[in-house]
Structures are given as structure tokens and as C-alpha cells.
Amino acid sequence: MTQPDPQTCEVKIKGKWRPVSLDKAVSRYAVVMKRCPACHGPVSINGAYSGPTFGKTMTHRRAHSGCPLKPDTYSGTFSPHPLALT
Ligand SMILES: [Zn+2]
């Protein structure tokens with residue numbers, strides 16, 4: 001099993017969740033629902049929307065202590081997001 005990439009989120013394309021880079025999620029799937037690849041909670045992408053800045057970050061719409069992609073709030077034990085998208 002591979003570790004989720006913090007620079008990747010999942011986008012629902014034709015009924016299936018697919019991993020895409022944050023850059024692609026913003027440029028190609030701006031209006032599509034996005035979720036965290038680890039806990040499957042809904043996320044939004046923040047950061048520069050144009051220009052050469054590599055500053056995009058994935059932000060959970062609702063804080064969740066069970067997600068290893070959020071080191072700031074991770075409790076150390078993985079758990080699915082309470083609002084996980086399926
Ligand atoms: Zn997460």
C-alpha cells in the first residue's frame with residue numbers, strides 16, 4: 001500500500017474517485033467535489049491560483065484529528081473523516 005501524497009487530492013470523475021495533483025485539481029476540476037486521499041473528508045485547495053508559485057495546500061473543510069495528512073491536528077491514530085465522501 002502506498003502512502004497518500006499530501007500534494008494530491010481525489011476528484012470524482014464520472015462517478016469514480018481519482019487522485020489528481022493539487023495543481024490539476026484547481027486548474028481542471030475547480031468546481032468538482034474534492035476529498036482527502038487519506039481520510040476521505042471534503043477538502044478545498046488553497047494557495048496561488050496562477051503564476052509559478054508552488055504554494056497550494058489542501059485544507060479540510062472540517063477539522064479532523066484522525067488524518068495523517070494533517071500533522072498539526074493528527075492525534076496519532078487514523079480514523080475516517082466523520083463527513084467522509086463516498
Ligand atoms: Zn484527511
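**Figure 1. Two salt bridges occur in the predicted model.** The count of salt bridges in the protein comes to two, and the model in which they are found is a predicted one. Side chains of opposite charge can pair when their charged atoms come close.

**Figure 2. Arg 35 and Glu 10 form a salt bridge between two strands.** The closest N and O atoms of Arg 35 and Glu 10 are 2.7 Å apart. This pair joins distant parts of the chain, with Arg 35 in strand S3 and Glu 10 in strand S1, 25 residues apart. Are these two residues buried or exposed? Arg 35 has a relative accessible area of 8% and is buried. Glu 10 also counts as buried, at 12% relative accessibility.

**Figure 3. Lys 56 and Asp 23 form a salt bridge between a loop and the helix.** The closest N and O atoms of this pair are 2.9 Å apart. Lys 56 belongs to the loop between strand S4 (43-46) and strand S5 (57-60), whereas Asp 23 belongs to helix H1 (residues 22-28). The two residues are 33 residues apart, and their pairing links distant parts of the chain. Lys 56 is buried because its relative accessible area, 13%, is under 20%. Asp 23, with a relative accessible area of 38%, is partly exposed.

**Figure 4. Three strands make up an open antiparallel sheet.** The order of the strands in this sheet is S2-S1-S3. Strands of a sheet pair through backbone hydrogen bonds, either parallel or antiparallel. Which strands lie at the edges? The edge strands are S2 (16-21) and S3 (34-35), each of which pairs on one side only. Strand S1 (residues 8-13) is joined to S3 in the antiparallel sense over two bridges. Within this pairing, Val 11 has Lys 34 of S3 as its bridge partner.

**Figure 5. The largest nonpolar core contains 16 residues****.** In soluble globular proteins, nonpolar side chains tend to be buried together. The members of this core that touch the most other members are Cys 9, Val 11, Cys 36, Ile 45 and Met 58. Two or more residues are given to the core by each of S1, H1 and S4. Around Cys 9, when residues up to four places away in sequence are not counted, the residues touched include Val 20, Leu 22, Ala 25, Val 43, Ile 45 and Met 58. Arg 18, Lys 34 and Arg 35 are also among the residues that Cys 9 touches.

**Figure 6. Gly 66 is buried in the segment after S5****.** The relative accessibility of Gly 66 is 0%. Its C-alpha lies 4.5 Å from that of Phe 78, although Gly 66 and Phe 78 are twelve residues apart in sequence. With neighbours within four places in sequence left aside, Gly 66 is in contact with Tyr 74, Ser 75, Thr 77, Phe 78 and Ser 79.

**Figure 7. The protein as a whole gives the setting for the close-up views.** Of the 86 residues, 35% are buried. Among contacts with a separation of 6 or more, 36% come from residues 24 or more positions apart. The protein exposes about 5600 Å², of which carbon and sulfur atoms supply 55%.

Conventions:
Residues are numbered from 1 along each chain as its sequence is written. This is a predicted model: local features need pLDDT of at least 70, side-chain atom pairs count only at pLDDT 80 or more; totals for chains, interfaces and linings use all residues. Side-chain values use heavy atoms; hydrogens and water are left out. Two strands pair if DSSP finds at least two bridges between them. Helices (H or I, at least four residues) and strands (E, at least two) are DSSP runs, numbered from the N terminus. Buried means under 20% relative accessible area, exposed over 50%, partly exposed in between (1.4 Å probe, protein chains only). Contact means heavy atoms within 4.5 Å. Accessible areas come from the Shrake-Rupley method with a 1.4 Å probe; for residues, only the protein chains shown count as cover. A salt bridge is a side-chain nitrogen of Lys or Arg within 4 Å of a carboxyl oxygen of Asp or Glu. A nonpolar core is a set of buried Ala, Val, Leu, Ile, Met, Phe, Trp, Tyr and Cys residues joined through side-chain atoms within 4.5 Å.
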